[in-house]
Amino acid sequence: MKTKTAKIINLIVIALIMAFIWSRSVKDIEASARESGEFMETVVIPVEKAVLGREVVSEDFIRKCAHVFEFALLGIALAIYTKKLWITLGIGMVTAVIDETIQFYVGRGSMVTDVWIDTAGCLLGCMIVMSILKFSSKNK
């Protein structure tokens with residue numbers, strides 16, 4: 001980041017992504033299941049039927065993909081800000097642990113595997129940024 005304004009904007013983006021992630025966890029199990037079901041009905045199933053002619057993907061798989069996607073976005077934002085793999089992964093993992101802790105307290109249950117899935121998503125986002133930075137520095 002070159003300017004102070006850009007750093008502040010990036011921190012705001014990081015905070016908004018974390019707030020979004022945690023806002024999903026505050027929902028009770030019924031609301032979360034309803035939201036996932038609606039996404040399946042309106043997006044996933046029509047695409048599956050159009051492309052494959054049948055339903056293939058489970059709701060659980062879609063939920064895990066959502067974890068990866070959310071945390072990949074966080075990993076991208078953190079990597080842009082920190083430019084450091086271990087700091088990005090550390091913050092990503094802490095965010096995932098807080099996420100699962102919130103779910104535990106709202107009665108949804110928390111899973112250690114979700115922390116690892118979230119961390120893998122954060123790693124994916126970080127690696128995208130690091131690859132772009134490395135590629136762009138080689139071309140200069």
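Guide: Gladly! This is a predicted model. Let us begin with helix 3, whose buried residues pack against helix 1 (4–26), helix 2, helix 4 (85–105) and helix 5 (112–138).

Visitor: How many residues does helix 3 have, and what does it span?

Guide: Helix 3 has 24 residues, and the distance from its first C-alpha to its last is 34 Å, close to the 34 Å expected at 1.5 Å a residue. Just after helix 3 comes Lys83, with a positive phi of about 60 degrees.

Visitor: How should I describe the way two helices pack?

Guide: Two packed helices are described by the angle between their axes and the distance between the axes. Take helix 2 (residues 29–51) and helix 3 (residues 59–82): their axes come within 10 Å and cross at roughly 100 degrees. Angles of 65 to 115 degrees count as roughly perpendicular, so helix 2 is roughly perpendicular to helix 3.

Visitor: Which residues make that contact?

Guide: Helix 2 contributes Ser32, Ala33, Ser36, Gly37, Phe39, Met40 and Val44, while helix 3 contributes Glu59, Ile62 and Arg63. Sorted by class, the contact of helix 2 with helix 3 has 5 nonpolar, 3 polar and 2 charged residues. Ile62 is one to look for on screen, as a member of this contact and one of the buried residues of helix 3.

Visitor: Now a residue elsewhere. Is Ile102 buried or partly exposed?

Guide: Ile102 is found in helix 4. Buried means under 20% relative accessible area, so Ile102, at 22%, counts as partly exposed. Leaving aside neighbours within four places in sequence, Ile102 is in contact with Trp22, Ser25 and Val26. The C-alpha atoms of Ile102 and Arg24 are separated by 9.7 Å, although these residues are 78 residues apart along the chain.

Visitor: And what about the chain as a whole?

Guide: The chain has 5 helices and 0 strands. Its C-alpha trace spans about 50 × 40 × 25 Å along the principal axes, and 31% of its 140 residues are buried. Among contacts with a separation of 6 or more, 69% join residues 24 or more positions apart. Finally, the accessible surface is about 8800 Å², with 71% of it belonging to carbon and sulfur atoms.

Technical notes: Residues numbered from 1 in each chain as written. Predicted model: local features only at pLDDT ≥ 70, side-chain atom pairs only at ≥ 80, totals over all residues. Heavy atoms only, no water. Axes fitted to C-alpha atoms, helices over the stretch in contact; angles between N-to-C directions. Helix = DSSP H or I, 4+ residues; strand = E, 2+ residues; numbered from the N terminus. Parallel < 35°, antiparallel > 145°, perpendicular 65-115°, else oblique. Contact = heavy atoms within 4.5 Å. Nonpolar A, V, L, I, M, F, W, Y, C, P; charged D, E, K, R; others polar. Buried < 20%, exposed > 50% of the residue type's maximum accessible area, 1.4 Å probe, protein only. Areas by Shrake-Rupley, 256 points an atom, 1.4 Å probe, with all protein chains shown as cover. Expected span 1.5 Å × (residues − 1).
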